[in-house]
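Here is a short tour of a protein for someone meeting it for the first time. Take a look at the sequence and the model, then read on.

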Amino acid sequence: MKHKLDAIDRKILDLLQARSDWPVNELAAAVHLTPTPCWRRVQRLKELGILARQVALVDRHQVNLGVTVFVSVRTREHDVPWLEKFRAAVHGIAEIVEAHRMSGDVDYLLKVVVPDIAAYDQVYKRLIQAVPLADVSSSFAMEELKFTTAVPLSYAA
């Protein structure tokens, strides 16, 4: 569902995407509002579900998760019971931080973070034990060129 956002809403979202712990006084000053109207706008953005949640980002290298693996999965089964079993397996493996159902030759694309190849092998074994898969192909990221959790707000109406 689309919601009307004005320039101030977009600026608030932009600032909160960069740093979610802004004190309301500072956030208000940055968007040229007084604190109470700014706070109300933030609350409205939360109520509308535009601000889905506020989280802390952990530097994965600081917690020994320096290896990123992109895993392409193909399956022979395309029914709802298999999908629900696969979904449960993916949700049950903490190292899988993203999972997407794809169009094209690959059915699913997973992003996995682990400390090393041996740890990835354990993730792989847990995944193939959980659900039948036709093909699993793993690509290890050599260098991260860009990482952001921020979405572009230029499309917001």
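Let's start with who touches whom. Among the contacts in the protein with a separation of 6 or more, 65% are between residues 24 or more positions apart; a contact here means heavy atoms within 4.5 Å. Bear in mind that this is a predicted model, where local features need pLDDT of at least 70, side-chain atom pairs count only at pLDDT 80 or more, and totals for chains, interfaces and linings use all residues. Residues are numbered from 1 along each chain as its sequence is written, and side-chain values use heavy atoms, with hydrogens and water left out.

**Overall build**

The protein has five helices and four strands. These are DSSP runs, numbered from the N terminus: helices are H or I with at least four residues, strands are E with at least two.

What radius of gyration does the protein have? The value is 20 Å, whereas a compact globule of 157 residues would have one near 15 Å. That radius is taken over C-alpha atoms, and the globule rule is 2.2 Å times the number of residues to the power 0.38. Along the principal axes, the C-alpha atoms fill a box of roughly 55 × 35 × 25 Å.

Accessible areas come from the Shrake-Rupley method with a 1.4 Å probe, and for residues only the protein chains shown count as cover. Of the 157 residues, 25% count as buried. Buried means under 20% relative accessible area, exposed means over 50%, and partly exposed is in between (1.4 Å probe, protein chains only).

**A hairpin**

Strand S2 (residues 96-101) pairs with strand S3 (residues 108-114) in the antiparallel sense, over five bridges. Two strands count as paired if DSSP finds at least two bridges between them. S2 and S3 form a hairpin with six residues between them, and Gly104 in the turn has a positive phi of about 95°. Across the pair, Ala99 stands opposite Leu110 in S3. As background, side chains in a regular strand alternate between the two faces of the sheet.

**Salt bridges**

How many salt bridges are there? The count comes to 10, where a salt bridge is a side-chain nitrogen of Lys or Arg within 4 Å of a carboxyl oxygen of Asp or Glu. Here are some of them, with the N to O distance.

| Pair | Distance |
|---|---|
| Arg41 and Asp9 | 2.9 Å |
| Arg60 and Glu144 | 3.3 Å |
| Asp121 and Lys125 | 3.1 Å |

Take Arg41 and Asp9, whose side chains meet in a salt bridge. This pair links distant parts of the chain, with Arg41 in helix H3 and Asp9 in helix H1 (residues 7-18), 32 residues apart. Asp9 counts as buried because its relative accessibility is 2%, while Arg41 is partly exposed at 21%. Both also belong to a network of salt bridges that links Asp6, Asp9, Arg41 and Arg44.

Next comes the salt bridge between Arg60 and Glu144. Arg60 lies in the loop between H3 and S1 and Glu144 in the segment after strand S4 (135-140), so the pair ties together parts that are 84 residues apart in sequence. Arg60 has 17% relative accessibility and therefore counts as buried, whereas Glu144, with 45%, is partly exposed.

Asp121 and Lys125 also form a salt bridge. Because they are four residues apart in helix H5 (residues 117-130), about one helical turn separates them. Both ends are partly exposed: Asp121 at 31% and Lys125 at 37%.

**Out on the surface**

Which residues make a nonpolar surface patch of about 330 Å²? They are Val55, Leu57 and Phe147. Patches are made of residues with over 30% relative accessible area and no salt bridge, with like charges joined within 9 Å and nonpolar side chains (Val, Leu, Ile, Met, Phe, Trp, Tyr) within 5 Å. Leu57 sits in the loop between helix H3 (35-47) and strand S1 (67-74), and counts as exposed because its relative accessibility is 60%.

Is Asp21 buried or exposed? Asp21 is exposed, with a relative accessible area of 53%, and lies in the loop between H1 and helix H2 (24-30). The C-alpha atoms of Asp21 and Ala56 are separated by 9.1 Å, though the two are 35 residues apart along the chain.
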